[in-house]
Amino acid sequence: MPQVSSKEFGKVQGKPVELYTLTNDSGAKAEIITLGGTLVSLYMPDKNGKLDDIVLGFGNLEQYLTDSPYFGANIGRAANRIAGGKFTLEGSEYQLAVNNGPNALHGGEEGFNMKIWDAEGYTSGDSACLKLTYTSPDGEENYPGEMNVEAVYSLTGSNELKIDFNASCDKTTIVNLTHHSYFNLAGHNSGKIYDHNLKIEADQYTPVDENMIPTGQLKPVEGTFLDFRSPKRIGEDAEEAAKEYTSGFDHNFALNKPENEYGLAASVYDPKSGRKMDVYTDQPGLQFYAANFVENLKGKQGALYNPHCGLCLEPQKFPNAINIPSFASPVLKKGEIYKHSISYSFSTE
Ligand code: GLA
């Protein structure tokens, strides 16, 4: 039988943050806190059935409030970069907090990752589930409209961790939600992920300028270090990637599947543990970020995290899409419903 339990993880200004534990029949386990819907740990079996925690995280709430490079968090209202933090909607100009060089990044000073969400745990068939909801007030972080957002986590009996987002707003606004776990399939405290093999279902990517804002073009990955059309060791071209404006892999891939269609986006395999992760989404883009900016962070269970000790595969709309008309639009009109499903699906080989 799948199981769901909860306990207190800490308090923010007197308000408790709960930690929910979802367990499936085979013992795989996800721990999620109500701050940001953050995935604090994820235990998955290796090729010998041994469970290890394969996401980076902290052992206490304080670090999630002060030090976290979005470890395990759900990101909103708008993931990734918006040039100058500016956009225009229905004739009105909006200025978001500029919190990443000249750009707005990941929802602002206090994005959804910093909010305490309401939570309800339950089981459904062979899945252990957690439904998180948050109401973002009109004008929060300068985004228009009151937004109701929901993130449902399901840990299925077949070792799949699904996240189903939906959102609606009482005014026209923008939305681009994603999930920001840093995975290390060898175990969260196993050093660099350079020996992981990665395959990304994308023939094209969105090149960026010196501020990491897409130029608006789509370029073929063929002949570049971003060619992951066949499984490739991440370390192979890491030096090439480090010469870029991005200081390593931190790129948005334009997925081959039709936009809005749910399908495979990427697969990662760690030969040592035999763990494999397949990522599915219905969004058009996938940001692959190799933890370039993680430096000397004290993690849970005495771990020390340094550059490239994890990888993020963040399905989303393209960066700065609100200002680039040829990219799929992040505009959500009053009365419409935004939906986004992600699956991180685990197996061994
Ligand atoms: C995203 C960005 C990175 C970095 C991380 C958070 O993945 O693309 O550049 O900002 O988030 O540290």
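This report walks through a predicted model, from its annotated residues to its pocket and its nonpolar cores.

## The annotated pair

An unreviewed UniProt entry lists H180 and E314 under "active site". The two are spread over 135 residues of sequence, yet they cluster in space, with a largest C-alpha distance of 6.1 Å. The lining of the largest pocket includes both H180 and E314.

Their side chains also meet directly. A polar contact of 3.4 Å joins the side chain of E314 to that of H180.

H180 sits in strand 16, which covers residues 178-180. Is H180 buried or exposed? Its relative accessibility is 3%, so H180 counts as buried. The cut-off for buried is under 20%.

Which residues does H180 contact, leaving aside neighbours within four places in sequence? Among them are P69, Y70, F71, G72, A73 and I75. H180 also contacts H106, Y289, C312 and E314. With H106 there is a side-chain link too: a polar contact of 3.5 Å.

E314 belongs to strand 27, residues 312-316. Its relative accessibility is 2%, so E314 counts as buried.

Residues up to four places away in sequence are not counted in what follows.

## The largest pocket

How much space lies in the largest pocket? The volume is about 470 Å³. The pocket is lined by 27 residues. Nearest its centre lie S68, P69, Y70, L105 and H106.

Helix 1 (61-66) and strand 24 (285-289) each supply at least two lining residues. Helix 1 gives the most, with three residues.

## Q63 in helix 1

Q63 is found in helix 1. At 14% relative accessibility, Q63 counts as buried. Leaving aside neighbours within four places in sequence, Q63 is in contact with F58, S68 and K298.

Q63 and K298 are 235 residues apart along the sequence, but their C-alpha atoms are 8.9 Å apart in space.

## N99 in a loop

N99 is found in the loop between strand 9 (92-95) and strand 10 (103-105). Its relative accessibility is 27%, so N99 counts as partly exposed. That class runs between the 20% and 50% cut-offs.

What does N99 contact, leaving aside neighbours within four places in sequence? The residues are Y70, A104, L105, G108 and E109. With L105, a polar atom of the N99 side chain lies 2.6 Å from the backbone nitrogen. N99 and G85 are 14 residues apart along the chain, and 8.6 Å separates their C-alpha atoms.

## The nonpolar cores

The largest nonpolar core has 61 residues. Which residues have the most contacts inside it? They are L42, I200, F249, F288 and L313.

Take F288 from that group. Leaving aside neighbours within four places in sequence, F288 is in contact with I200, F249 and L313, among others. Its other contacts include L198, F228, I234, F253 and L311. F288 is also in contact with D250, H251 and C312. There is a second, separate core of 21 residues, including V17, V40, L56 and Y182.

How values were computed:
Residues are numbered from 1 along each chain as its sequence is written. This is a predicted model: local features need pLDDT of at least 70, side-chain atom pairs count only at pLDDT 80 or more; totals for chains, interfaces and linings use all residues. Side-chain values use heavy atoms; hydrogens and water are left out. UniProt positions are given in the numbering used here, feature names are shortened, and annotations may be inferred rather than shown by experiment. On a 1 Å grid over the protein atoms alone, a cavity is a set of points where a 1.4 Å probe fits but cannot get out, and a pocket is an open set with protein on both sides within 12 Å along at least five of seven lines; lining residues have an atom within 4 Å of a point. Helices (H or I, at least four residues) and strands (E, at least two) are DSSP runs, numbered from the N terminus. Buried means under 20% relative accessible area, exposed over 50%, partly exposed in between (1.4 Å probe, protein chains only). Contact means heavy atoms within 4.5 Å. A polar contact is a pair of N or O atoms within 3.5 Å; within protein, one must be able to donate a hydrogen and the other to accept it, and residues adjacent in sequence count only if both atoms are side-chain atoms. A nonpolar core is a set of buried Ala, Val, Leu, Ile, Met, Phe, Trp, Tyr and Cys residues joined through side-chain atoms within 4.5 Å. Grid points are joined across faces, edges and corners, and a volume is the space filled by probe spheres set on the points.
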